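Biologist: I'm new to this one. Can you put it up and walk me through it?

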Amino acid sequence: MLKGKVTFWRVVFAILVVLGAYATVLRFVRGLGASTHLTDAFPWGLWIGFDVLCGVMLAAGGFTLTAAVYLFNLKKFKPIVRPTVLTAFLGYLLVCVALLFDLGRGYRIWHPLVMWNPRSVMFEVAWCVMLYTSVLSLEFGGVLFERFHLFKLLRLQRMMLIPLVIAGVMLSTLHQSSLGSLYLIVPNKLHPFWYTPLLPVLFFLSAVCVGLAMTIFESSLSAKHFGKQLELPLIKSLGRTLLVMLCVYSVVRFEDLLHRKALGLLRNGGWETGLFLLEISLACVLPILLLLVPKVRENPKGLYLASVLSLLGFVTNRLNVGITGMEAAAGQQYFPKWTEIVVTLAIIGFGFFVFAMAVKYLPIFSHEAVPEPIVVPEVLPREVPELSNVES
Amino acid sequence: MSKGILYDATLCIGCKMCEQACAEKHGLPYDENIAKEQKQSEHKYTVVLNRDDKFMRRLCMNCQDPTCASVCPVGAFRKTTLGPVVYESSRCIGCRYCMMACPFSVPKYEWDKTWPLVRKCDMCTERLQSGLPTACAEICPTGATKFGERDDLIAEAKDRLAKGQGQYVNHIYGLEEVGGTSVLLLSSVPFENFGYKCDLSTEALPFLTYRVLSHIPDLVAIGAVGLGGIWWLCNRKEEVAAAEGRPAPSKA
């Protein structure tokens, strides 16, 4: 599939590369004012609302799945650990790239390392994201060590795996929720549909939902594009877990709105109400209704549809928190400039490209060579063929 | 000890000499066109707003417990004992969380620069250190902007409210807003008219995030032990099976 054919997506990618390069020059030569629609009244836009808030959320599959496989010992999910960890690792790297665009002085991105302010949520997020990206690089490092036959390093990595996974789950719990805590400081600016003391809880729960939905989505796409057998029993099992988590999230979200008496605001109308309803329908109502139907949750297409809907719903949620909910207080509407959109799309495109390259050159789907974390074999196999299908 | 500014809008004649003095003090451009601009910006740290010939200044409130100082990931903002909230530009990474978080939306950004910084009034911190009043208070011809000890200014504001029966809105803006600010305002028309939020909590905002952040060390300890325990419990049955020479129990 990676031969030099001209396909629709390659043309799109080429256009994005060209436009993205121009947008990048504009951003770093003429500054944020010329390359974004950000203003003093609206200082955070698409790059924070989508690239960072959604980017981190969409990379949540890494910690949910590693916890399931390595801590809860649900070994049947092992075949999809590598692609999921790769997605998470790429996701976090791309978030860092986006931050370099958004930060006014990206070359100082390392400052939180030495200039501390432990009272700041942003400080905590910065540290967690940095540490978790390091953890992911070590979790993913096993694939590289295996590919290049660095067995000593591989053995070392496997010895560290359980502590690494535990650290990864803790760090993710902290910063996924803290991205919500960032907005706790704006009680007078964020619209009451979204401002709640429960923001960190809701951000964490939705990250778990998205982690599951993203794993279903990605496994389905991989099955389609990398000619890989779809692990249907696994996907079904993830679908059931997703249903449970969506229900938990929805109950917390609804109870919170109820107790804060925010539901009465629905009568006010306005674009906030529209986008709020869109978010709730996509993230909660539709996927739950779909997944409640046994025929849908037993069917690859049904599972794919439900996961895509909930992904769109939670993306809408993050954009609502980051953008929609802040507009009224800012007294102005914000719509991203083309450069902001192009940079965002180019970053996503780059992510897909690197993923495809990794699948081509690294043992992403040949997970079989990873032994049990507690059993380190004397001799590691150099090449192990499709064992997993036998194993699982 | 802590200095403050008392601005009494009823004494203000809208001459904008404070704007000009501020620009000069901070090395900013100032001309007729800039004088006409009715908003704070990266080149205008203070502005005299005119709504139907009622005046109101806007400047950094220099909060007692500043939100900007609490949110900044690199600690670029600091409340000094003299009163001013100062910004150490060499630390700033440009995340603009201060602009998002400030309840008064004071910090402004140099959007047109390749390597921008945040800009705001620093209550003439250098002048205060040499025992001088702020530039805006020094130049004010009518005494509308008055500099002094914050406690003295509060007493004076209360006195003016008591004496000027009905002349004022019965509120000292900045006395209690978000835990109090170094800048205090008196006005004859509602503060909302000039974009001042009147629904602000009397408690300083940083506690909203700090009460969550302060639980993190506990959460890390509990979480790490709990997850380690889950790993041990969930993997033990296989170890037992292996030791007893049985096949591993069926996979979950």
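Biologist: Which residues is A:Leu242 in contact with, leaving aside its neighbours within four places in sequence?

Modeller: A:Leu242 is in contact with A:Cys209, A:Leu212, A:Ala213, A:Ile216, A:Leu291 and A:Ser307. Contact here means C-beta atoms, placed from the backbone, within 7 Å. This is a predicted model, in which local features need pLDDT of at least 70 and side-chain atom pairs count only at pLDDT 80 or more, while totals for chains, interfaces and linings use all residues. Residues are numbered from 1 along each chain as its sequence is written, and chains are lettered from A and ligands numbered from 1 in the order in which they are written.

Biologist: Which residues have the most contacts inside the largest nonpolar core?

Modeller: A:Leu242 again, with A:Cys209, A:Val210 and B:Cys98; that core has 181 residues. A nonpolar core is a set of buried Ala, Val, Leu, Ile, Met, Phe, Trp, Tyr and Cys residues joined through C-beta atoms within 7 Å. Buried means 20 or more other C-beta atoms within 10 Å of a residue's own.

Biologist: Which helix gives the most to it?

Modeller: Helix 9 of chain A, residues 199-225, with 13 residues. Helices are DSSP runs of H or I, at least four residues, numbered from the N terminus.

Biologist: Switching to confidence, what is the mean pLDDT of chain A?

Modeller: It is 91, and 92% of the residues in chain A reach 70 or more; pLDDT is the predictor's confidence in each residue, from 0 to 100. Over residues 367-392 of chain A the pLDDT is below 50.

Biologist: And how much of chain B is buried?

Modeller: Of its 252 residues, 41%. The C-alpha atoms of chain B fill a box of roughly 95 × 45 × 35 Å along the principal axes.

Conventions. Buried ≥ 20, exposed ≤ 12 C-beta atoms within 10 Å, placed from the backbone. Helix = DSSP H or I, 4+ residues; strand = E, 2+ residues; numbered from the N terminus. Contact = placed C-beta atoms within 7 Å.
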